Amino acid sequence: TVANATPITVSLTGLTEGSHIIILQALDEAGNKKDSSSIIITIDLTKPRINLSAPINGEQFNSTTVQFNFTATDNLAGWLICNLTISNGMTQNNINATNNSMQNITKTNIVSGTYFWNVSCVDLANNRNTSQTWNFTIKAPDIVITSGNISFNETGTEEGKNITIYANVFNIGGVPADNITVQFWRGNPTS
């Protein structure tokens with residue numbers, strides 16, 4: 001029993017996850033009943049699940065461009081907000097991820113090295129989760145020059161006369177190499 005125009009708080013217990021329709025009913029001493037309009041409440045206590053697809057854990061690239069793929073799944077929400085975090089600070093925040101749909105994010109100009117990455121998501125009920133952390137490696141350029149790749153414009157040399165030296169430098173790595181400096185040494189440069 002509640003006095004007229006007095007607020008009351010009631011705890012609803014035992015509700016399972018999902019949507020529930022709540023209708024309040026008032027009954028006065030004369031037996032008059034009145035129902036409120038329906039209110040829909042949703043109970044969601046489950047964290048979203050995040051499945052990483054690419055790059056696979058430990059993958060090595062001969063490119064500075066990497067495509068990240070992941071799927072976020074929630075028990076109730078139609079979409080989630082996700083963040084892609086990469087250890088070089090190259091993050092992407094506030095990704096609107098449709099529930100149970102693969103997301104594709106491309107990052108470019110990643111320098112050589114090993115990186116760690118993961119995805120964190122939050123659903124509409126503010127349940128948060130973070131995926132496993134995987135790693136990938138951008139391979140470094142691998143520059144090669146041998147004596148067989150060096151030639152001269154003349155076979156004989158004279159003091160005071162210019163010669164042209166041709167050197168073919170090869171990048172056998174998968175990543176482009178820029179700003180290469182070739183130095184010629186008389187004798188062994190390490191001695």
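Two strands pair if DSSP finds at least two bridges between them. Strands here are DSSP runs (E, at least two residues), numbered from the N terminus, as are helices (H or I, at least four). The model is predicted: local features need pLDDT of at least 70, side-chain atom pairs count only at pLDDT 80 or more, and totals for chains, interfaces and linings use all residues. Residues are numbered from 1 along each chain as its sequence is written, and side-chain values use heavy atoms, leaving out hydrogens and water.

**View 1. Strands E5, E7 and E10 form an open sheet of three strands.**
The order is E5-E7-E10, and the pairing is antiparallel. Strands E5 (49-54) and E10 (102-107) stand at the edges. Each has a single partner strand, so one side of each is left without a neighbour in the sheet. Strand E7 (residues 66-73) and E10 pair over six bridges in the antiparallel sense. Val66 faces Lys107 of E10 across this pairing.

Thr73 has 16% relative accessibility and counts as buried. The cut-offs are under 20% relative accessible area for buried, over 50% for exposed, and partly exposed in between (1.4 Å probe, protein chains only). The Thr73 side chain makes a polar contact with the side chain of Asn100 at 3.3 Å. Such a contact is a pair of N or O atoms within 3.5 Å; within protein, one must be able to donate a hydrogen and the other to accept it, and residues adjacent in sequence count only if both atoms are side-chain atoms. Leaving aside residues up to four places away in sequence, Thr73 touches Pro48, Arg49, Asn99 and Asn100 (contact: heavy atoms within 4.5 Å).

**View 2. A disulfide joins Cys82 to Cys121.**
The S to S distance is 2.1 Å. A search of the whole structure finds one disulfide (a pair of cysteine sulfur atoms within 2.5 Å). The pair links distant parts of the chain, 39 residues apart. Cys82 lies in strand E8 (residues 79-86), and Cys121 lies in strand E11 (residues 113-122). The angle about the S-S bond is 110°, and the link of Cys82 and Cys121 is right-handed. Both ends are covered: Cys82 is buried at 0% relative accessibility, and Cys121 is buried with a relative accessible area of 3%. The two strands E8 and E11 also pair, antiparallel, over six bridges. Within this pairing, Asn83 has Ser120 of E11 as its bridge partner.

**View 3. Strand E11 pairs with strand E12 in a hairpin.**
E11 and E12 (residues 128-130) are antiparallel, with three bridges. Ser120 is bridged to Thr130 of E12. Five residues lie between the strands of this hairpin. Among them, Asn126 takes a positive phi near 70°.

**View 4. Strand E13 pairs with E6 and with E11.**
The pairing of E6 and E13 is parallel, over three bridges. Here Glu59 stands opposite Phe136 of E13. E11 and E13 run antiparallel and are joined by five bridges. Two facing pairs mark this run: Trp117 with Trp134 of E13, and Thr114 with Thr137 of E13. E13 is mostly covered, as four of its five residues are buried. Asn135 lies in this strand, E13, and is partly exposed, with a relative accessible area of 22%. Beyond four places in sequence, Asn135 touches Ile56, Asn57, Gly58, Glu59, Thr114, Tyr115, Phe116 and Trp117. Asn135 and Ile86 are 49 residues apart in sequence, and their C-alpha atoms are 9.1 Å apart.

**View 5. Phe61 and Phe136 form an edge-to-face aromatic pair.**
The centres are 6.1 Å apart, with 85° between the planes. Rings of Phe, Tyr and Trp (its six-membered ring) pair if their centres lie within 6.5 Å; planes under 30 degrees apart count as stacked, over 60 as edge-to-face and the rest as tilted. Phe61 lies in strand E6 (residues 59-61) and Phe136 in strand E13 (residues 134-138), so the pair ties together parts that are 75 residues apart in sequence. Both Phe61 and Phe136 are buried. The aromatic pairs come to five by this rule. Ring pairs link Phe61, Phe68, Tyr115, Trp117, Trp134 and Phe136 into a cluster.
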